[in-house]
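Biologist: I have the sequence and the model open side by side. Could you walk me through it, one question at a time?

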Amino acid sequence: MSDILCIYYSRTGHTKQTMEEIARELGAEIVELRDGVNRSGWQGWFRCGLDAMRKTTRPLRKFETGRPLQDYRLVIVGTPVWAGRCSSVVRSFLKEHGGSLQNAAYVITRGSEDKNEEVYEQMDQYTPCGHCAAVSLRTGSVGYAFWEEEFLRQVREILNQQ
């Protein structure tokens, strides 16, 4: 059983693909978050933006991990960027479970050229440990593979120091 957890939310599949790649490279456990809200189509897209701007959160559907959250050496949290903020689904997870994380890293996926690095600080509000590594990725961009590999290098270095 891995002591690294990749936990994420993905509406369109971009964050899912990225987190699956990272989990595979690190031999990490992977868990997808859901909140039971219909977020499909243009209405779902609009709802996501409103939820993010209003910082609305809804209860998460039950999810299972191989061990208690506080027992992972590293929890990598993945979220799409919605209206310049982390997804409301990930915000729900962090509000409820962020205090249990001993060591966190963040992966944000985005559709725009803006790196949205302020999202890291938004997520840190719910995780007392803060983050030890973070990356902002845009699917299909020229630098995607480079920045994903750099993130993996940083994570491996952190894990080797522990």
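Biologist: Let's start with R110: is this residue buried or exposed?
Modeller: Happy to, and please keep in mind that this is a predicted model. R110 sits in the loop between β5 and α4. Its relative accessibility is 13%, and buried means under 20%. R110 therefore counts as buried.

Biologist: How far apart in space are R110 and W82, C-alpha to C-alpha?
Modeller: Along the sequence, R110 and W82 are 28 residues apart. W82 stands opposite R85 in β4, while R110 belongs to the loop between β5 and α4. In space, the C-alpha to C-alpha distance between R110 and W82 is 8.1 Å.

Biologist: Which residue in the turn of the β3 and β4 hairpin has a positive phi?
Modeller: Strands β3 and β4 run antiparallel and are joined by 2 bridges. Their hairpin has 2 residues between the strands. Most residues other than glycine have a negative phi. The turn residue with a positive phi, about 50°, is A83.

Biologist: And how accessible is A83?
Modeller: A83 is found in the loop between β3 and β4. Exposed means over 50% relative accessible area and buried means under 20%. A83 falls in between and is partly exposed, with a relative accessible area of 40%.

Biologist: Now the strands: how many residues of β3 are buried?
Modeller: β3, residues 74–82, pairs with β1 in the parallel sense over 5 bridges. β3 also pairs with β5 in the parallel sense, over 6 bridges, and there P80 stands opposite T109. The strand is mostly covered, and the number of buried residues is 9 of 9.

Biologist: Which residues in β3 are the bridge partners of L5 and I7?
Modeller: β1 and β3 are a parallel pair. Reading across to β3, the bridge partner of I7 is V77. For L5, the bridge partner is V75.

Biologist: What about β2: which residue there is the bridge partner of Y8?
Modeller: Strand β2 covers residues 29–32. It runs parallel to β1, and 4 bridges join the two. The partner of Y8 in β2 is E32.

Biologist: Which residues of β1 point one way, and which the other way?
Modeller: In a regular strand the side chains alternate between the two faces of the sheet. In β1, 5 of the 5 residues are buried, so the strand is largely enclosed by the rest of the structure. I4, C6 and Y8 point one way, and the other way point L5 and I7.

Terms used: Residues are numbered from 1 along each chain as its sequence is written. This is a predicted model: local features need pLDDT of at least 70, side-chain atom pairs count only at pLDDT 80 or more; totals for chains, interfaces and linings use all residues. Side-chain values use heavy atoms; hydrogens and water are left out. Buried means under 20% relative accessible area, exposed over 50%, partly exposed in between (1.4 Å probe, protein chains only). Two strands pair if DSSP finds at least two bridges between them.
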